[in-house]
Amino acid sequence: PYGFGRLKGEDAGISSVEARYGTIFIKSERVKQQLEIRVITFYQKSQSFEITLSLDKTPDDIRGEICSKFSCTKEEVRLVAQGIELTGKQLRMPIASLNIPPHKRVELLFVHEARYKFQLDKSRAGSHLVISNDLLSVSIPKYSGDQTVRGNVALTRGRLYWDVFIDRSYNSRINLGVCTEAHTLTSYVGQTRFGWAYYGNNGKREHAGGSEKYGPAYTTGDTIRVMVDMDSRSLAFMRNGHDLGIAFHNLPSKVYPAFTLYTQGDRMTLRKFGTF
């Protein structure tokens, strides 16, 4: 029940981590204490591996070891002990502070958030859009009215962000946000009640055909971070690292990342994903 909610045991991002520690003796003399960790993951073809760390290491070190196996950043792994997610100072405290019973194998959980790095969905894209081979960039080669593309992952729980870099925009007629399955691909995100967006041309937030003052306009060279909190059902944005605050509350229980282009030659690229 962490991250975006796949249950342990499914072919998904939640994986089990077993750990035990004890004291090693040679001829009745204590040599060292260590933590042995066996990671069983359903991410990347059900790999498993073992980690051995001394008790002066931290949960953050555990995250580092896990990330080295999956080529991800520490921020993409959320570690849970005794049913409670470790955050802040807890991640930097010695492993011994986790109060794992000695000489017993204890189950931990971690969520590999990289599982939820989405791509643009060619099957859910306006017919006049051009999607790159890596499914991370979209452009519009000619004037053809509003053209929208969805991400290929439905968001139902957890908190996820993605960064959109505006490679090129001539008049900033770009909408970034989320939509439901009912949103049409020839209307801009925010034009109907099925979409919620931040509009580049004037910086307004748009939903159900209405708009309100929200943030500054954005254009070529800007990076917009879209932040969806499905636990609180809210949508917020950042522009070039500046937090603009929550734009919308009361999102529906399932939404998709959504992007609209209008002007010939405009292009945008998905660059970074993470949790907050």
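Predicted model: local features only at pLDDT ≥ 70, side-chain atom pairs only at ≥ 80, totals over all residues.
A polar contact of 2.6 Å joins the side chains of Asp 163 and Arg 225. Asp 163 belongs to strand E11, which covers residues 159-168. With a relative accessible area of 9%, Asp 163 is buried, because buried means under 20% relative accessible area. Leaving aside residues up to four places away in sequence, Asp 163 touches Thr 223, Ile 224, Arg 225, Thr 269, Leu 270, Arg 271 and Lys 272.

One of these residues, Arg 271, also lies over a ring: it is placed over the face of Phe 165, at 3.9 Å from the ring centre. Elsewhere, the charged end of Arg 150 sits over the ring of Tyr 256, 3.9 Å from the centre of that ring.

The whole structure holds seven aromatic pairs. One of them is formed by Phe 118 and Trp 162 and is edge-to-face. The pair links distant parts of the chain, 44 residues apart: Phe 118 is in the loop between strand E6 (106-112) and strand E7 (120-125), and Trp 162 is in strand E11. Phe 118 also forms a tilted aromatic pair with Phe 259. Because Phe 118 lies in the loop between E6 and E7 and Phe 259 in strand E19 (residues 256-261), this second pair ties together parts that are 141 residues apart in sequence.

A pair of aromatic rings is described by the distance of the centres and the angle of the planes. The table gives these values.

| Pair | Centre to centre | Angle between planes | Class |
|---|---|---|---|
| Phe 118 and Trp 162 | 5.1 Å | 90° | edge-to-face |
| Phe 118 and Phe 259 | 6.5 Å | 35° | tilted |

Are the residues of these pairs buried or exposed? Phe 118 has 1% relative accessibility and so counts as buried. Trp 162, at 0%, counts as buried, and Phe 259 is buried with a relative accessible area of 2%. Ring pairs link Phe 118, Trp 162 and Phe 259, together with Phe 273, into a cluster.

For the protein as a whole, the secondary structure consists of one helix and 20 strands. Of the 276 residues, 50% are buried. The accessible surface comes to about 13300 Å², and carbon and sulfur atoms account for 45% of that surface. Among contacts between residues at least 6 apart in sequence, 60% join residues at least 24 apart.

Note on methods:
Residues numbered from 1 in each chain as written. Heavy atoms only, no water. Helix = DSSP H or I, 4+ residues; strand = E, 2+ residues; numbered from the N terminus. Buried < 20%, exposed > 50% of the residue type's maximum accessible area, 1.4 Å probe, protein only. Contact = heavy atoms within 4.5 Å. Areas by Shrake-Rupley, 256 points an atom, 1.4 Å probe, with all protein chains shown as cover. Polar contact = N/O pair within 3.5 Å; in protein donor to acceptor, adjacent residues only side chain to side chain. Phe/Tyr/Trp six-rings, centres within 6.5 Å; stacked < 30°, edge-to-face > 60°. Lys NZ or Arg CZ within 6 Å of the ring centre and 35° of its normal.
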